[in-house]
Amino acid sequence: MIKSGFLSTVQDMGRAGYTDIGLTHSGAMDEFSYLLANALLGDKEKACVEITFGNFEFEAMRDFSAAVCGIDGEIEINSQKYKINRTFKLKKGDIVKIKPLKKGNFVYFCVKNGFDAKKKYGSCSVSVREKILEPLKDGDVLNLKAPEVIPNRYSKLSVDVPDVLELRIVLGHQKDLFNTEEFFKSEFELKSINRQGAVLKGGVKPEKGDIISEGISFGTVQVPASGDPIVLLKEHQTIGGYPKIGNVLPVDCFRLSQFRRGKIRFKEIDLESAKKEVIEFYSFFKKLRFSFVEMYH
């Protein structure tokens with residue numbers, strides 16, 4: 001690792017089954033791009049490197065195939081430029097630079113057959129907030145499980161993040177604490193975002209202040225007394241005492257993770273339709289097959 005950038009961490013699908021002891025799920029923030037990079041390599045859910053804002057550089061210590069996926073981006077191999085959302089055949093000694101991102105917050109760097117990364121609590125995912133495993137730093141060496149070179153593949157698919165983002169939400173049992181009609185008419189702005197959650201600027205205040213703390217999950221929209229909703233993302237805390245209006249669909253949280261600035265609206269979706277959307281998302285990647293396309297490199 002020559003340059004690890006702002007924040008680069010090993011991630012997979014995260015760790016399930018530990019919220020009862022207070023451990024968050026963690027995992028890839030944008031599962032669309034993560035699963036796409038795996039699919040391009042003919043793999044499923046292998047550990048990858050999640051790179052925040054790009055500016056990541058490394059030297060290949062042996063021959064192998066890799067994929068880099070995100071909204072958009074540019075990669076340099078020995079000073080030769082390529083677009084992302086495709087695979088690359090890397091040779092020993094290649095210097096690879098993932099350039100600073102102009103769109104989105106994350107890109108995913110996967111290698112054929114995955115990284116030989118350390119696991120803790122059943123997952124390779126780093127949790128920055130809980131200090132489970134550690135972010136990458138300059139000089140680190142990443143081992144590969146079974147390096148292999150395959151014919152190149154590329155994709156026209158990428159995660160769709162419009163300028164005005166619509167988040168579909170299933171209303172929860174505390175919806176009566178809010179004026180939901182006003183909530184769905186309102187436009188919000190993104191104030192800040194990190195692996196724990198996205199804070200939106202808005203003015204929808206609950207009719208009741210803090211409540212008794214209870215379990216919360218990925219996508220929960222909690223609203224503190226300030227009226228600024230917080231959408232919980234992959235490193236969310238496991239309990240919370242703010243009133244919650246509902247839960248955003250996971251597939252929309254993936255798009256929110258890549259959102260930098262702009263307007264956000266919420267749209268109600270019923271539980272059965274939400275389940276169908278999520279099932280279709282994961283079924284799509286299970287069935288996704290790319291034909292081999294030899295490219296010049």
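These legends accompany a set of close-up views of one predicted model. Residues are numbered from 1 along each chain as its sequence is written, and side-chain values use heavy atoms, with hydrogens and water left out. Because the model is predicted, local features need pLDDT of at least 70 and side-chain atom pairs count only at pLDDT 80 or more, whereas totals for chains, interfaces and linings use all residues.

View 1. Helices (H or I, at least four residues) and strands (E, at least two) are DSSP runs, numbered from the N terminus. The C-alpha atoms fill a box of roughly 60 × 35 × 30 Å, taken along the principal axes. For 297 residues a compact globule would have a radius of gyration near 19 Å, and the chain agrees with this, having 20 Å; this radius is taken over C-alpha atoms, and the globule rule is 2.2 Å times the number of residues to the power 0.38. Of the 297 residues, 52% are buried, a word that here means under 20% relative accessible area, with a 1.4 Å probe and protein chains only.

**View 2. The open sheet of four strands, in the order E3-E8-E5-E6**. The pairing in this sheet is antiparallel, and two strands are said to pair if DSSP finds at least two bridges between them. Strand E3 (56–59) and strand E6 (80–83) stand at the edges with a single partner strand each, so one side of each is left without a neighbour in the sheet. From one strand to the next the twist averages 20°, where axes are lines fitted to C-alpha atoms and angles run from 0 to 180 degrees between N-to-C directions. Strand E5 (residues 74–77) is joined to E6 by four bridges, and Glu-76 stands opposite Lys-81 in E6.

**View 3. Helix H1 (residues 31–40) and its two ends**. This helix is mostly covered, since ten of its ten residues are buried, among them Phe-32, Tyr-34, Leu-35 and Leu-36. At the N-terminal end, Asp-30 caps H1 with a side-chain oxygen that lies 3.1 Å from the backbone nitrogen of Phe-32. After H1 comes Gly-42, whose phi is positive, near 75°.

**View 4. Helix H3 (residues 250–257), also mostly covered**. Seven of the eight residues of H3 are buried, including Val-251, Cys-253, Phe-254 and Arg-255.

**View 5. Strand E11 (residues 188–193) and the strands that pair with it**. With strand E12 (residues 197–201), E11 pairs in the antiparallel sense over four bridges, and a hairpin of three residues joins E11 to E12. Ser-192 stands opposite Val-199 in E12. With strand E18 (residues 263–268), E11 pairs in the antiparallel sense over two bridges, and Glu-189 stands opposite Lys-263 in E18.

**View 6. Lys-191 within strand E11**. Not counting residues up to four places away in sequence, Lys-191 touches Val-199, Leu-200, Lys-201 and Asp-228, where contact means heavy atoms within 4.5 Å. The side chain of Lys-191 makes a polar contact of 3.0 Å with the side chain of Asp-228; such a contact is a pair of N or O atoms within 3.5 Å, and within protein one must be able to donate a hydrogen and the other to accept it, while residues adjacent in sequence count only if both atoms are side-chain atoms. The C-alpha atoms of Lys-191 and Ile-230, which are 39 residues apart along the chain, are separated by 9.9 Å.

Note on methods: Buried means under 20% relative accessible area, exposed over 50%, partly exposed in between (1.4 Å probe, protein chains only).
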